[in-house]
Amino acid sequence: MALDGCGLVCKYILLVFNIIFAVVGIAFLGLGLWLRLSDNTRGIFEIEQLNSSAFVIGVTVLIVLGSVMLVVVSFGDYGACNEKRCALKVFAILVAFLATGEIIVGVLAYSKRDEVGLRFAEFYTSMYTLYMNSGDPAIAVTLTFIHNVFHCCGVTGVSLIEMAKDTCPKPDGFMEKLVMPSCPVTIAQVFDSKAPLVMGIFFGTGALLITALICSTILRSKILQSASSPQYIILTQSTPTLAGPQPPQHGFVSTSYPEQDPVIFTPLTTANIPVAQA
């Protein structure tokens, strides 16, 4: 069934959204599984006293969030590419839950920004300690990402004694070549001073999810409208057409005889017979 106008635009918006969502979901799930199954970090999950630590909670959130995102992408791609209303309906329900969760998390992160900052600083300290003990490349990638986002370097920030300086960003000036901001302190301060920005990021992600929800609803209604509309066949010159019915030709058999002049019979008498002369 063909789509046009708003339905076609919504279809392509959903495809782009699902591609971005799939890339982020694969990154979250891959990083979470690596940190969960790596030989250097697997022992942390086996220690009961550390099950409530920020590192274990963070890795669990990465795995769950990445899995949910990939499930959502599966329904969205299948529904948009094949124009299946049932799959789009499931996609819309899942996206609605995610959007609601994003907004709730943004509000909670803003209202409890001090506690959230300390939790993230604790998570960073756990990652830093694991990297110092194991040198795991997955943890090195995570630390490099955190260092570049917050522009900090390790626990101390002092380049002469910092053990993880190979994951630190490039210094901006001469002073930062000697001492860079400490990451645990910087992370806690960022969540405290830039809480409105953090909440805006959560709200922006929620708005993106709501846009995908609206597009899926519009696309579903357009598919339903296209399926219920009557189909017409357009005849062209190359299409053979049927000639109009011809009236039946009925043959009539005349049973009448042509008119003839009446024959008059006269009685034969002797008077009427000519007599031959001798």
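User: How many helices and strands are there in the chain?
Analyst: One caution before we count: this is a predicted model, where local features need pLDDT of at least 70, side-chain atom pairs count only at pLDDT 80 or more, and totals for chains, interfaces and linings use all residues. Residues are numbered from 1 along each chain as its sequence is written, and side-chain values use heavy atoms, leaving out hydrogens and water. Helices (H or I, at least four residues) and strands (E, at least two) are DSSP runs, numbered from the N terminus. Here the chain has nine helices and zero strands.

User: What span does helix α1 reach, and what is expected?
Analyst: The expected span is 1.5 Å times one less than the number of residues. Helix α1 (residues 6-37) has 32 residues and reaches 45 Å from first to last C-alpha, close to the expected 46 Å.

User: Which residues of α1 are buried?
Analyst: Buried means under 20% relative accessible area, exposed over 50%, and partly exposed in between (1.4 Å probe, protein chains only). In α1 the buried residues include G7, C10, F17 and L35. Across the chain's 278 residues, 31% count as buried.

User: Where is L224, and why is it called partly exposed?
Analyst: L224 sits in helix α9 (residues 195-228). It is called partly exposed because its relative accessible area is 44%. L224 and E83 are 141 residues apart in sequence, yet their C-alpha atoms are 9.6 Å apart in space.
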